[in-house]
Amino acid sequence: MKGLFITLEGPDGSGKTTILDMVKKKLEEKNIDVITTREPGGTKIGEDIRDIILSNDNVALADETEALLYAASRAQHVSQVIRPAIEDGKIVISDRFLLSSLAYQGVGRELGIEEVKMVNDFGTKGLQPDMILFFDIDPEDTLKRKTADEAGDRLENEGNTFHRKVYDGYKELIDKYPENIKIINARESIEKVSNQVLDSIEDLIDERRA
Ligand code: TYD
């Protein structure tokens, strides 16, 4: 049987990474094994690309180069990790995927949703998640928290106007392609957010594997 591909999306600091760790543990307690991964990264080559993209030394990075590097990291990730795992019947959960590029580069950097989608479709051969969980929370609140104790990375340091644009971009994309996107209320307690995520994943597994 074919596996499942689930992705987590949302503004910087929306809690995806913490929740993913919790949900993975809870699923394992129920004997459901999942592979968790992230973007940019997920492979050795992808992690090297991630370092280039997020380094504060690279303020000269052109917007187009940035979009292509995210797409390159994603192409490697799909080819080396995600597609083989899905074909092997595994459940893969990725912290960020294509929708991040459409929101951050397509809308935030104003490169155009369709243009960014085109280069990514080339890189991924059109692979789409079975379900996207969007962590809905105001970017102003999360950024304040994230950059308060330590210096942010190159993207986090883009400022509130950029991150508001990205958030509005996500909302526009959800209106445009609502099919397999679920909204998670990420303003609630960690426990409640992780339960929303867990319930959505279990519902999808039940639906697909019934
Ligand atoms: P990361 O530290 O993983 O952020 P977070 O924990 O909030 O997910 O850094 C990833 C950064 O890269 C984040 O600012 C979002 C951005 N990004 C894009 O702009 N485009 C993309 O396609 C992806 C995957 C991430």
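This is a predicted model: local features need pLDDT of at least 70, side-chain atom pairs count only at pLDDT 80 or more; totals for chains, interfaces and linings use all residues.
View 1. Rings of Phe, Tyr and Trp (its six-membered ring) pair if their centres lie within 6.5 Å, and planes under 30 degrees apart count as stacked, over 60 as edge-to-face and the rest as tilted. Phe134 and Tyr167 make a tilted pair, at 6.3 Å centre to centre with 40 degrees between the planes. Phe134 belongs to strand β4 (residues 131-136) and Tyr167 to helix α7 (residues 160-176), so the pair ties together parts that are 33 residues apart in sequence. Helices (H or I, at least four residues) and strands (E, at least two) are DSSP runs, numbered from the N terminus.

**View 2. What surrounds the ligand.** Here 18 residues surround the ligand, and the closest are Asp12, Lys16, Tyr70, Arg96 and Ser101.

View 3. A polar contact is a pair of N or O atoms within 3.5 Å. The side chain of Ser101 has an N or O atom 2.5 Å from an oxygen atom of the ligand. For Arg50, a polar side-chain atom lies 3.1 Å from a ligand oxygen, while Gly13 uses a backbone N or O atom, 3.4 Å from a ligand oxygen. The protein covers 94% of the 550 Å² of accessible area that the ligand has on its own; accessible areas come from the Shrake-Rupley method with a 1.4 Å probe.

View 4. Most residues other than glycine have a negative phi, and most peptide bonds are trans. A cis peptide bond joins Glu39 and Pro40, with omega about -10 degrees, and Pro40 is in the loop between β2 (34-38) and α2. Arg96 is not a glycine, yet has a positive phi of about 80 degrees; its place is the loop between β3 (91-95) and α4.

**Notes.** Residues are numbered from 1 along each chain as its sequence is written, and side-chain values use heavy atoms, leaving out hydrogens and water. Local features need pLDDT of at least 70, side-chain atom pairs count only at pLDDT 80 or more, and totals for chains, interfaces and linings use all residues.

Terms used:
A residue is near a molecule or strand if one of its heavy atoms lies within 4 Å of it. A polar contact is a pair of N or O atoms within 3.5 Å; within protein, one must be able to donate a hydrogen and the other to accept it, and residues adjacent in sequence count only if both atoms are side-chain atoms.
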